[in-house]
Amino acid sequence: MGLSSGFVRVTAVLTAVALVSGCSWRLESDTPTYPSPDATTLERDAAADLEQAILDATTSDADDSTSGTVLRAQEEASAPVRLDALGGVYEAYPDVTPTPDGTAAPAPGLVASIIEARDSHFTVAMSTSDRNLAGVLLSAGLSHALTLWYAAWVDQVVTGTEAVVSAERVLDTPALDGETLVPAATQLDPAVVSQLALTHDRAGYLYEVLGARSTDTEREQWLTRSALQRARAAALLTLPGTEDLRESVYVTPTRDIADAAARVSVAQAHESMIGDTYATLVSDAATGDVAWLLSAAFDAYAQAAAYGDATADSAVIPALPGLEPLPSPSSDSEA
């Protein structure tokens, strides 16, 4: 005897209800939504990945040249500090071991990794909506620029290429526009600019004292930097609203400059202080002031490094300039 069509329809409906009621899904339920990272989180994660790539390259890059050795020593010490400041590398499934597929592209070398991180950090810092992240990235980018410069500097000294010790050096990166040591205009408080001019003039006086205590090539390097510092002070005072706070005589640590090594130590400490001053101003600066402040910090830190021995570990280059305490330079350096 066949089943009636009405019974078949009822059975089908009951079966469907039973199937639906057997799981947690309901016809009236909305499609579930899952949390997704915001733009700042993605920017932070990308920056951390770049720092990790540098750290990885310090062990995988086999470049044993002078510059390669210097870069490796600097970044092995600094990359973990930056990585920690960024919160580390995000792992979606930390307990899962990925299976290599054999198609991964070869990792870039150390130099390429540093350049990529430097330019990316600067680019993201200038566009991110998170000021704290921008400050960390600008600081990290500055540090990368310094390690790249210093490695090239040491290589020039070691290979006998002419390398002027006392000079003005401007940060160079395609990610920024308007790098200079003195801007045509600034949104900094004129009182701050006046203090910066005073700082440079005081440095010029200190170098004159160092020059008076030395002879020959050493004397020449101090007097050259003195003239540059005095000129920088005068240039900053041409900006609107500044006040000339320069003095004819300043107090200098005369008891600490008895020999060449001591004079180098004092000069490094003073240049590092200037670099730290500028680097501290960067994170709160208006967009138009970022490039020149970074360049001024770069110039001071690079000059401090150039006064020391051309070795992998003698340069005073902070991992996060302006955001971390600056280590005291060693007094063991020779002029």
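This is a predicted model: local features need pLDDT of at least 70, side-chain atom pairs count only at pLDDT 80 or more; totals for chains, interfaces and linings use all residues.

Reader: How confident is the predictor in the protein on average?

Author: The mean pLDDT is 86. Of the residues, 81% reach 70 or more. Over residues 1-27, though, pLDDT is below 50. Beyond near neighbours in sequence, that stretch has three contacts in the model. Residues 326-335 also stay under 50. For them the model has 26 contacts beyond four places in sequence.

Reader: How do you know what span to expect of helix α7, and what does the model give?

Author: Helix α7 runs over residues 216-236, which is 21 residues. At 1.5 Å a residue, 30 Å is expected. From first C-alpha to last, α7 reaches 31 Å. That is close to the expected value.

Reader: Which residues of α7 are buried?

Author: They are E218, Q221, W222, R225, S226, Q229, R232, A233 and L236.

Reader: Which helices do the buried residues of α7 pack against?

Author: They pack against α6 (190-212), α8 (260-282) and α9 (287-306).

Reader: Why is R263 called buried?

Author: The cut-off for buried is under 20% relative accessible area. R263 has 7%, so R263 counts as buried. R263 is found in helix α8. Leaving aside neighbours within four places in sequence, its contacts include E218 and W222. L210, R213 and D256 are also among them.

Reader: What makes the approach of R263 to R213 a polar contact?

Author: The side chain of R263 reaches the backbone oxygen of R213 at 3.3 Å. The limit is 3.5 Å, so the distance qualifies.

Reader: Is T199 buried or exposed, and how do you know?

Author: Its relative accessibility is 15%, under the 20% limit, so T199 counts as buried. T199 has its place in helix α6. Leaving aside neighbours within four places in sequence, T199 is in contact with H270, M273 and I274. T199 and A233 are 34 residues apart along the chain, but their C-alpha atoms are separated by 7.7 Å.

Reader: How many aromatic pairs are there in the whole structure?

Author: A search finds seven.

Reader: Why is the pair of Y207 and W222 called stacked?

Author: The ring centres are 5.8 Å apart, and the limit for a pair is 6.5 Å. The planes stand at 15 degrees, and stacked means under 30, so the pair is stacked. Y207 lies in helix α6 and W222 in helix α7, so the pair ties together parts that are 15 residues apart in sequence. Y207 counts as buried at 0% relative accessibility. W222 is buried too, with a relative accessible area of 0%.

Reader: What makes the pair of Y278 and W292 edge-to-face?

Author: Here the centres are 6.0 Å apart. The planes are at 75 degrees, over the cut-off of 60, so the pair is edge-to-face. Y278 is in helix α8 and W292 in helix α9, 14 residues apart. Y278 and W292 are buried.

Reader: Which residues do ring pairs link into a cluster?

Author: Ring pairs link W149, Y150 and W153.

Key. Residues are numbered from 1 along each chain as its sequence is written. Side-chain values use heavy atoms; hydrogens and water are left out. Helices (H or I, at least four residues) and strands (E, at least two) are DSSP runs, numbered from the N terminus. The expected span of a helix is 1.5 Å times one less than its number of residues. Buried means under 20% relative accessible area, exposed over 50%, partly exposed in between (1.4 Å probe, protein chains only). Contact means heavy atoms within 4.5 Å. pLDDT is the predictor's confidence in each residue, from 0 to 100. A polar contact is a pair of N or O atoms within 3.5 Å; within protein, one must be able to donate a hydrogen and the other to accept it, and residues adjacent in sequence count only if both atoms are side-chain atoms.
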